[in-house]
Amino acid sequence: MKSLPVISISEQLAEQFAKSISLIPSSMQTLCDSLLIDTVGLCVASRNQDYLLASLRASTEPGNCTVIGHPSKVNVAAACIVNGTAIHGEDFDDTYEGGPIHAGAVIIPAILAAAEQHQLSGKDILAGISVGSELMCRMCTVAPKLVHKAGFHPTAVFGAIAAAAGVSTALRLNQQQWVNALGIAGSMASGIIEYLAEGTWTKRMHPGWAAQSGYRAVRLAQEGFTGPRTLFEGEHGFFHAFANKDDCDFTKMMAGLGEVWVSAEMAFKPFACGTMAHPFIDCALELVKQGLDPQQIEKIECITAEGILHRLWEPLQKKQNPPNGYAAKFSIPYAIAVAMIRGDAGLNDYQEDVVHDPRITAIANKISYIVDPNNPYPNQFTGHIRATLKDGTVREHAQGFFRGGKDAPMSIEALEKKYVANCIYGGWAEAHALQSLNMIRSLRASKVVDLSLLRS
């Protein structure tokens with residue numbers, strides 16, 4: 001058995017975050033506002049979707065917490081599950097280059113539900129969102145790609161730990177309770193990626209489940225329940241279980257903690273699909289803009305990263321012919337084809353009737369890939385399309401960044417425009433969307449968080 005450390009990773013995290021939350025920089029204040037704007041808009045966008053209504057029907061336990069876009073008030077767990085599912089359901093939510101993970105869909109539901117249940121202030125939610133988001137992003141540095149390779153969804157399993165950290169911080173737990181909460185959450189983390197097989201719905205509920213797990217772990221710790229302080233580095237710890245990796249190096253995860261906030265570079269999506277497809281969509285749109293006629297394409301070869309094959313490229317025939325709209329969100333061949341034919345890859349471009357459009361399917365079936373062993377994924381998301389036309393002409397375009405990410409960030413104005421569009425898509429009047437946007441902008445200044453304007 002490995003000897004136990006005098007001071008564990010969890011204990012170091014508790015100490016450093018406790019020191020830093022009184023000095024949260026403006027970049028994290030901006031991130032907090034951006035996450036709130038993006039996630040609330042996504043809740044409204046998906047509020048009438050079948051998977052969301054099923055989640056709501058299954059989560060009717062009454063309580064004090066808001067289900068965004070609905071009149072219901074439910075308990076903390078139900079609010080976490082439904083709001084987390086709503087945010088992540090259309091795969092239009094934030095991501096982190098280096099993960100990829102989707103922090104907002106986990107952290108925001110957990111913090112908002114805790115805020116309503118415990119009458120927290122805007123200052124409390126800023127601290128909770130900042131710490132939860134930061135830990136979730138930093139966990140990505142420990143075993144890059146290995147959690148996905150082991151068959152787990154990083155957003156789901158990292159999310160339970162990060163939600164516990166965020167809620168512990170928002171509720172001002174002491175350092176021992178904080179450490180216990182993370183240790184307890186480690187036994188609640190779950191989420192496998194078998195949804196890829198047939199486009200079923202389980203990925204959609206992973207963030208909500210992680211959010212409620214984090215909250216429950218915090219409440220247990222608050223009442224004296226204990227969890228392993230060696231959650232991260234232990235012989236039977238988190239990365240041993242979820243990444244099949246022992247003797248992990250936590251140097252990058254801990255470097256500059258409390259001084260450098262890596263989550264401030266979180267990315268926001270312009271397209272409603274899997275993150276790594278985005279640079280390929282941009283390449284497709286650029287080629288069409290340059291005059292490429294999709295009907296003249298003989299074949300398309302894409303240069304891509306090995307690390308995304310099992311989620312976005314393989315099995316290739318299924319990715320060329322996705323069975324439904326949700327499966328299409330994890331298909332690069334479909335993303336390229338729909339962008340070329342319809343000029344976008346937004347919410348309307350993943351409807352069932354669109355997915356089976358023969359014009360799109362015809363293009364998707366001409367698309368294959370070549371692996372670049374030197375591709376920088378997961379630290380950078382790239383796209384590269386080489387189209388051969390029927391007359392033998394070759395048209396090519398490459399993009400070495402993710403639009404909406406750190407190299408081409410989405411402005412707050414663009415996020416607000418996305419928010420209004422998502423609210424209208426979900427059936428809200430523009431006037432109500434703008435009124436709620438003003439409320440979100442002022443949330444961090446609230447003495448007591450009030451989300452009543454979002455219950456409609």
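This is a predicted model: local features need pLDDT of at least 70, side-chain atom pairs count only at pLDDT 80 or more; totals for chains, interfaces and linings use all residues.
Pro378 is found in the loop between strands E4 and E5. The peptide bond leading from Tyr377 into Pro378 is cis, with omega near 10°. Pro100 belongs to the loop between helix H4, residues 76-88, and helix H5. In the loop between H4 and H5 we also find Asp91, which has a positive phi of about 50° although it is not a glycine. As background, most residues other than glycine have a negative phi, and most peptide bonds are trans.

Let me turn to the sheet. In what order do the four strands of the open sheet stand? The order is E4-E3-E5-E6, and the pairing is mixed. Strand E4, residues 367-371, and strand E6, residues 394-399, are the edge strands, each pairing on one side only. On average, and with direction ignored, neighbouring strands of the sheet are turned by 20° against each other.

I shall take the pairings of E3 in turn. With strand E5, residues 383-389, strand E3, residues 297-304, pairs in the antiparallel sense over five bridges. Within that pairing, Cys302 stands opposite Ile385 in E5, and Ile300 has Ala387 of E5 as its bridge partner. With E4, by contrast, E3 pairs in the parallel sense, over five bridges. Here Cys302 stands opposite Tyr369 in E4.

Next, the helix pairs. Two packed helices are described by the angle between their axes and the distance between the axes. Helix H5, residues 104-118, packs with helix H6, residues 122-139, at an angle of about 150°, the axes being 10 Å apart. Why are H5 and H6 called roughly antiparallel? Angles over 145 degrees count as roughly antiparallel, and H5 and H6 therefore fall into that class. Their crossing is right-handed. On the H5 side, Val106, Ile107, Ile108, Ile111 and Ala115 take part, and they meet Ile125, Gly128, Ile129, Gly132, Ser133 and Met136 in H6. This contact comprises eight nonpolar residues, three polar and no charged.

The second pair is helix H8, residues 154-170, with helix H9, residues 175-186; the angle is about 155° and the axes lie 8 Å apart. H8 and H9 are therefore roughly antiparallel to each other as well. H8 passes H9 in a right-handed crossing. Ala160, Ile161, Ala164, Ala165, Ser168 and Thr169 of H8 make the contact with Trp178, Ala181, Leu182, Ala185 and Gly186 of H9. By class, eight of the residues between H8 and H9 are nonpolar, three are polar and none is charged.

I close with the aromatic rings. The count comes to 18 aromatic pairs. One of them is formed by Phe381 and Phe402, a tilted pair with 6.0 Å centre to centre and 55° between the planes. The pair links distant parts of the chain, 21 residues apart: Phe381 lies in the loop between E4 and E5, and Phe402 in the loop between E6 and helix H20, residues 412-425. The loop between E4 and E5 is also where we started, with Pro378.

Technical notes
Residues are numbered from 1 along each chain as its sequence is written. Side-chain values use heavy atoms; hydrogens and water are left out. Axes are lines fitted to C-alpha atoms, for helices over the stretch in contact, and angles run from 0 to 180 degrees between N-to-C directions. Helices (H or I, at least four residues) and strands (E, at least two) are DSSP runs, numbered from the N terminus. Angles under 35 degrees count as roughly parallel, over 145 as roughly antiparallel, 65 to 115 as roughly perpendicular and the rest as oblique. A crossing is left-handed if the near helix is turned anticlockwise from the far one by less than a right angle, and right-handed if clockwise. Contact means heavy atoms within 4.5 Å. Ala, Val, Leu, Ile, Met, Phe, Trp, Tyr, Cys and Pro count as nonpolar, Asp, Glu, Lys and Arg as charged, and the others, Gly among them, as polar. Two strands pair if DSSP finds at least two bridges between them. Rings of Phe, Tyr and Trp (its six-membered ring) pair if their centres lie within 6.5 Å; planes under 30 degrees apart count as stacked, over 60 as edge-to-face and the rest as tilted.
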